[in-house]
Amino acid sequence: MTGSTHTGLLSARSLATAGFCAVAALALAGCGGGRKQVNSSIAPSAVTTIGVNSYLWRASLDSLSFMPLLQSDSAGGVIVTDWYVNPKQPGERVKVTVMILDKDLRADALRVTAQREVSANGGWAPAPVQAATVQKLEDIILTRARDLRRDSIGG
């Protein structure tokens, strides 16, 4: 008699333990697996850790790589070069500022300004910059940004 009661209690305990483990396993299974997979076609604003469009930022740095940088702020989207003197035209120097205004890859998210100075009387005097020069630089940056985006999504 003692043996049959002991076996009955052991079965009830085992059943209760198994039930508890099953409930705990189901609860834990609901907690895991919360990982989201990043889609490669997501806009860079959704996957970037900088404050502006990453393609425009990289394209701007690539396009201005021949000029010395004075300031670059990826959170604010500002790149300022120092004065650059073209070895073929030593009597003239140029300074460029690029501002990236948005997280989307759009033409109106980019603003380029340039300053030009010419050598005069032993110093530097301000000179006008042709609008076509600034427009050409914007086109170069936008084309490079589109190429970077196309390459990153496997197109």
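**Pocket and core of a predicted model**

Trainee: Which elements each supply at least two residues of the lining of the largest pocket?

Mentor: In this predicted model, β3 (84-85), β4 (92-100), β5 (110-120) and α4 (131-152) each supply at least two lining residues of the largest pocket; helices here are DSSP runs of H or I with at least four residues and strands are runs of E with at least two, numbered from the N terminus. Lining residues have an atom within 4 Å of a pocket point, a pocket being an open set of points on a 1 Å grid over the protein atoms alone, where a 1.4 Å probe fits and protein lies on both sides within 12 Å along at least five of seven lines.

Trainee: Which element gives the largest share of that lining?

Mentor: The largest share comes from α4, with five residues.

Trainee: And what is the volume of the largest pocket?

Mentor: The largest pocket has a volume of about 480 Å³, taken as the space filled by probe spheres on the grid points. Its lining has 21 residues, and the closest to the pocket centre are Tyr84, Glu92, Val94, Val96 and Thr133. By class, the lining divides into 13 nonpolar, four polar and four charged residues.

Trainee: What should I know about numbering and confidence here?

Mentor: Residues are numbered from 1 along each chain as its sequence is written. For this predicted model, local features need pLDDT of at least 70 and side-chain atom pairs count only at pLDDT 80 or more, while totals for chains, interfaces and linings use all residues, and side-chain values use heavy atoms, without hydrogens and water.

Trainee: Switching to Met67, is that residue buried or exposed?

Mentor: Met67 counts as buried because its relative accessibility is 6%, where buried means under 20% relative accessible area, exposed over 50% and partly exposed in between (1.4 Å probe, protein chains only). Met67 sits in the loop between α3 (54-63) and β1 (69-73).

Trainee: What is Met67 in contact with, leaving aside neighbours within four places in sequence?

Mentor: Met67 is in contact with Thr81, Asp82, Tyr84, Val94 and Val96, contact meaning heavy atoms within 4.5 Å.

Trainee: Which residues of the largest nonpolar core touch the most other members?

Mentor: Val98, Val112 and Ile141 do, out of 20 residues in that core, a set of buried Ala, Val, Leu, Ile, Met, Phe, Trp, Tyr and Cys residues joined through side-chain atoms within 4.5 Å. At least two core residues come from each of α3, β4, β5 and α4, and α4 has the largest share, six residues. Not counting residues up to four places away in sequence, Val112 touches Val96, Thr97, Val98, Val134, Leu137, Glu138 and Ile141.

Trainee: How many helices and strands are there overall?

Mentor: The protein chain has four helices and six strands, in the order α-α-α-β-β-β-β-β-β-α along the sequence. Of its 155 residues, 22% count as buried.

Trainee: Where is Asn121, and what is its phi?

Mentor: Asn121 lies in the loop between β5 and β6 (123-127) and has a positive phi of about 55 degrees although it is not a glycine. Most residues other than glycine have a negative phi. With 88% relative accessibility, Asn121 counts as exposed.

Trainee: And where is Lys103 found?

Mentor: Lys103 is found in the loop between β4 and β5, and is partly exposed, with a relative accessible area of 36%. Its C-alpha atom is 7.2 Å from that of Gly51, although Lys103 and Gly51 are 52 residues apart in sequence.

Note on methods
Nonpolar A, V, L, I, M, F, W, Y, C, P; charged D, E, K, R; others polar.
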